[in-house]
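Hello,

Here is the structure I promised to hand over. Have a look at it first, and then read my notes below.

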Amino acid sequence: MFRVSLGGDGAELGPLEPWQAGEFLAHMDRARELVGQYIGLADVVTDPESSRAFLQSYAEKAAADTGRLYGIRAEGRLVGGVLFRTFDVRHGTAEAGCWLEPSAVGRGLVTRAARVIIDWAVEERGIHRVEWWAVTENEPSIAVARRLGMTRDGVLRQSHQRRGRRFDMEIWSVLAPEWRAGRAAR
């Protein structure tokens, strides 16, 4: 399996695959409380079978070219991930997302990992628009969207239901020309 360096601190990005279900479940157990505040992943991956099924669903998306899933490793341990929840080459659109366990917060790992996958999507696959959806209260996720040079397109009021509550969802995006201009300025 390949891994891509995320910088001088030894952090790496690589695909998550069904054979890694045990490691993924252990990671989700560490991340569950933080991740579960805003996204359903924490409630989906709860045992070995659901962990494998989740990873298998993304293996199938990758095979169909409709999604991707990557793990972020720090000191050799899985601490988070980034993904393309949707990936539509024909229409040139994708939705990126992320999650992280508490031990890895504040190190810029998600921003660095998202840059890698967005760059690949734009430059290698011809994606024109990458979206980032975040619950309005999820300030760290919105901060990532800002650091990625995304523009807030709007808010879907009370469109997201999570654990008996309704949340507003912000939609952020970056277009390929904006991405390239931002990368040149970095």
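In what order do the eight strands of the open sheet lie? The order is 1-2-3-4-5-6-8-7, and the pairing is mixed. Here strands (E, at least two residues) and helices (H or I, at least four) are DSSP runs, numbered from the N terminus, and two strands pair if DSSP finds at least two bridges between them.

Before going on, please note that this is a predicted model, where local features need pLDDT of at least 70, side-chain atom pairs count only at pLDDT 80 or more, and totals for chains, interfaces and linings use all residues. Residues are numbered from 1 along each chain as its sequence is written, and side-chain values use heavy atoms, leaving out hydrogens and water.

At the edges of the sheet you will find strand 1 (4–5) and strand 7 (151–162), each pairing on one side only. Strand 7 runs antiparallel to strand 8 (residues 165–175), and eight bridges join them. These two strands form a hairpin with two residues between them, and R163 in the turn has a positive phi of about 50 degrees. R152 stands opposite W172 in strand 8.

Enjoy exploring!
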